[in-house]
Amino acid sequence: CFMGASKKAPFDIPDSTARRLLSAPNPSCRPNSDVVRPWANGLDITRRGREMWIIDFGSSMKEDEAALYEGPFEYARHHVKSEREGRREQRIVDCWWRFGRPRVEMRDAIRDCPRYIVTPAVAKHRVFVWLPDTFVPDQQLLVYATSDDANLGILHSRVHEVWSRALGTQVRERESGFRYTPTTCFETFPLPHPNDGQRTVIEAAARQIDRLRNNWLNPPDWTRTEVLEFPGSADGPWKRYVDPATVDARGIGTVRYPRLVPKDAECAKHLKKRTLTNLYNERPTWLDLAHRKLDEAVFAAYGWPVDLSDDDLLARLLELNLARAAQT
């Protein structure tokens, strides 16, 4: 589990700017999609995605290399460089075109994940969702380097929520939520060791929650699929969406990136209310039942009864934590 990238400057750009940059050519003939990617922070998870993008020159790209992506570099030079001047950290002044904290370890860990799990650092409801590998996660997201449904299920279980609430930090009043940190809430959490059958049940329950929530957030009757097309490297961040039939001798082809958008203005009004925060505030019966099924599966993996009180659950988790620590 890692913190997301900390940009420490206005590298984020709106959808209109991103689409203009994505279609612009470069003197190097490299596509701008190498360094222009969707961006998400905590609000994009708890509310609705804002279709924000970010200019990301990675963790080691030199200035002369970055400058070859002309449009993104000049945008950053105009909006970022002056803001970085005078900062105390000479490193981020000298390398002004890169994020303040690009999170190299996080990038390395998720490099081979087609998707990964995120949760907001601060939230009223502790929710876990998938982000595609094309996205750059902000520092207000905690990132789990896994593509496994069972891991999503374990993290989203009552077992982990009770533990993380006990080890996290309350933010002002309860309505403001609580802060989740990798060191206290996750690294101390004693994961279960499910057998193959138990893992299969957890995976199915996690997939059901994810599917039902997504259908509630973006009902097919209110949304349509929009496909963005722009040049992309066959081995770059958009490789999953590059049409192999279009790849040329340079290794560059056409990205066909599907995303859900409202069908019309009326649907857009309805969709504004469809957020994860509102969903978990209401907690309709179908959602509650889906979580109960998940909890039953995860508790079974621990070999514990599902009706344990929070105090009894914490006592058992602490006992398991200490027993495992004694074995290391």
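Reader: Which residue does D56 form a salt bridge with?
Author: In this predicted model, D56 pairs with R37, and their closest N and O atoms are 3.8 Å apart. That distance counts because the cut-off for a salt bridge is 4 Å.

Reader: Where do D56 and R37 lie?
Author: D56 is in the loop between β4 (53-55) and α3 (63-66), whereas R37 belongs to strand β3 (residues 36-40). The pair therefore ties together parts that are 19 residues apart in sequence.

Reader: Is D56 buried or exposed?
Author: D56 counts as buried, at 5% relative accessibility.

Reader: What about D243; which residue forms a salt bridge with it?
Author: That residue is R256, and the closest N and O atoms of the pair are 2.4 Å apart. D243 lies in the loop between β12 (223-233) and β13 (252-262), and R256 is in strand β13, so the bridge ties together parts that are 13 residues apart in sequence.

Reader: And what is the relative accessibility of D243?
Author: D243 has 23% relative accessibility and counts as partly exposed. R256, at 33%, also counts as partly exposed.

Reader: Which side chain meets that of R250 in a salt bridge?
Author: The side chain of D248 does, with an N to O distance of 2.7 Å. R250 is partly exposed at 48% relative accessibility, and D248 is partly exposed with a relative accessible area of 31%.

Reader: Which residues do salt bridges that share partners join into one network?
Author: One such network consists of D15, R19, E51, E226 and R259.

Reader: Changing topic, how many disulfides does the structure hold?
Author: The structure holds zero disulfides. For C1, the nearest cysteine sulfur is that of C185, 8.9 Å away. C1 is in no disulfide, because the two sulfur atoms of a disulfide must be within 2.5 Å.

Reader: What is a disulfide, in general terms?
Author: It is a covalent bond that links the sulfur atoms of two cysteines.

Reader: What is the relative accessible area of C1?
Author: The value for C1 is 21%, and this cysteine is partly exposed. C29 also counts as partly exposed, at 43% relative accessibility.

Definitions and conventions: Residues numbered from 1 in each chain as written. Predicted model: local features only at pLDDT ≥ 70, side-chain atom pairs only at ≥ 80, totals over all residues. Heavy atoms only, no water. Helix = DSSP H or I, 4+ residues; strand = E, 2+ residues; numbered from the N terminus. Buried < 20%, exposed > 50% of the residue type's maximum accessible area, 1.4 Å probe, protein only.
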